[in-house]
Amino acid sequence: MAGTVPKLAAPRPAAAPLPSQSLRSAALAFAPSARRFRVSLTGRARSPVIAMASAKEGNGAATKRTTLHDLYELQGQSPWYDNLCRPVTDLLPYIANGVRGVTSNPTIFEKAISSSNAYDDQFKQLISAGKDAESAYWELVIKDIQDACKLFEPIYNETDGADGYVSVEVSPRLANDTQGTVEAAKWLHKVVNRPNVYIKIPATAECVPSIQEVIANGISVNVTLIFSVARYEAVIDAYIAGLESSGLSDLSRVTSVASFFVSRVDSLIDKMLEKIGTPEALALRGKAAVAQAKLANQLYLKKFSGPRWEALVKKGAKKQRLLWASTSVKNPAYSDTLYVDPLIGPDTVSTMPDQALGAFLDHGTVARTIDANVSEAEGIYSALEKLGISWEEVGKQLEHEGVTSFKKSFDSLLTSLTEKGNALKTTV
């Protein structure tokens, strides 16, 4: 199937060859100054990962092979970076180290724009041109997304559209607005105007129909804020139905990922288990999230098979890949690769913020684990239900918290931009 990653018989030598000519061209196009990418590491004492992004050579320098390269080439899982800020050329050393895509969200942009002066010049120009704060926000975001898409476009082209995506989310204010989300997704897709952009849509009950309609319009989607297997199944159904109703004869360029959140599940369920307090309950701490994720993968295997799916494959359809999100470890008592190492498998994505990425680069284990110990995962899932923990209620609460958090970040940033814009107007 198009987009499937071939497994290699053996790993390449430790010294990886220089990146392809297309990646060199992308590096030269942005012409960054030479920079160091240094990941702050915790856990085992090792030298930090260092790579150079050099405009002079334009090739990201000869970078040591990393666990991220192995993750993709040996196991078929795409490592993405869960962060974006200016200058986007800071992504070049990440790409050299094996990162193959980027995810963003309103909280990431709030931190980027509010903590940096890199956006000031463009913001001043937009305000001077009469833009309001929200319009200016989208202009700032769209430029970052377009510039990042340019950096990852060589990967997108080399994999025939299977990888190299950059994700941008519709306004979190639309999380309960079906048609508003559809229109926002169409608008974002049009203005970003890049083949390797994913429009992020939350998996709320109101937005599941939006996902189907947006896919039917030939727009690639990153479905975000999935916290339960039941909602994940609804998301898969929306993707498949959207492909079926698209009317397109070639479906190969309409792709999707389903962002299944992991660590937040443990954060909530661990509190419930501690409240129950029995030895049986306490023994299940730190196990719920990975168990549910493994069951989600089993559902993926089931749904993307059989006559209905095969009929779409004949038109070039690609499976909606599972993307593991929320991979940073919140509990310091747990392994810092807890939400990466056990969820490795073909045709999946793991998007990692700095903490998780640094840990995995330093001491992650590359091995197929996603379909290991599935019966144990089923036992954990059932044991939690027997203790009175409702997976449906867990999903609802986490979804509500996720939507609320993104709205808060979005609103906070718009308030700051409004105040900043007003201050600029008074000084003109």
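Student: Leaving aside its neighbours within four places in sequence, which residues is Ala291 in contact with?
Tutor: This is a predicted model. Ala291 is found in helix α12, which covers residues 288–303. Once neighbours within four places in sequence are set aside, the residues in contact with Ala291 are Ala377 and Ile380.

Student: Is Ala291 buried or exposed?
Tutor: The relative accessibility of Ala291 is 4%. Buried means under 20%, so Ala291 counts as buried.

Student: How far apart in space are Ala291 and Asn373, C-alpha to C-alpha?
Tutor: In sequence, Ala291 and Asn373 are 82 residues apart. In space, their C-alpha to C-alpha distance is 9.0 Å.

Student: Are the helices α9 and α12 roughly parallel or roughly antiparallel to each other?
Tutor: Helix α9 spans residues 229–244, and its axis comes within 10 Å of that of α12. The two axes cross at roughly 30°. Angles under 35 degrees count as roughly parallel, so α9 and α12 are roughly parallel.

Student: How many residues of the contact of α9 with α12 are nonpolar?
Tutor: From α9 the contact takes Val229, Tyr232, Glu233, Ile236, Asp237 and Ile240, and from α12 it takes Gln292, Ala296, Leu299, Tyr300 and Lys303. Of the residues in this contact, three are charged and one is polar. The nonpolar residues number seven.

Student: Which residue does a cis peptide bond join to Arg86?
Tutor: The omega of this bond is about -5°.

Student: Where is Asp160 found?
Tutor: Asp160 has a positive phi of about 55°, although it is not a glycine. Its relative accessible area is 41%, so Asp160 is partly exposed. Asp160 is found in the loop between α6 (133–158) and β4 (166–169).

Student: Is Asp347 buried or exposed?
Tutor: Asp347 also is not a glycine and has a positive phi, of about 60°. It is found in the loop between β8 (321–325) and β9 (348–352). With a relative accessible area of 14%, Asp347 is buried.

Student: How many disulfides does the structure hold?
Tutor: Cys85 is partly exposed, with a relative accessible area of 33%, whereas Cys149 is buried at 0%. A disulfide needs a pair of cysteine sulfur atoms within 2.5 Å. The number of disulfides in the structure is zero.

Student: What percentage of the residues of the protein count as buried?
Tutor: The secondary structure comes to 16 helices and nine strands. The protein has 428 residues, and the buried share of them is 57%.

How values were computed
Residues numbered from 1 in each chain as written. Predicted model: local features only at pLDDT ≥ 70, side-chain atom pairs only at ≥ 80, totals over all residues. Heavy atoms only, no water. Buried < 20%, exposed > 50% of the residue type's maximum accessible area, 1.4 Å probe, protein only. Helix = DSSP H or I, 4+ residues; strand = E, 2+ residues; numbered from the N terminus. Contact = heavy atoms within 4.5 Å. Axes fitted to C-alpha atoms, helices over the stretch in contact; angles between N-to-C directions. Parallel < 35°, antiparallel > 145°, perpendicular 65-115°, else oblique. Nonpolar A, V, L, I, M, F, W, Y, C, P; charged D, E, K, R; others polar.
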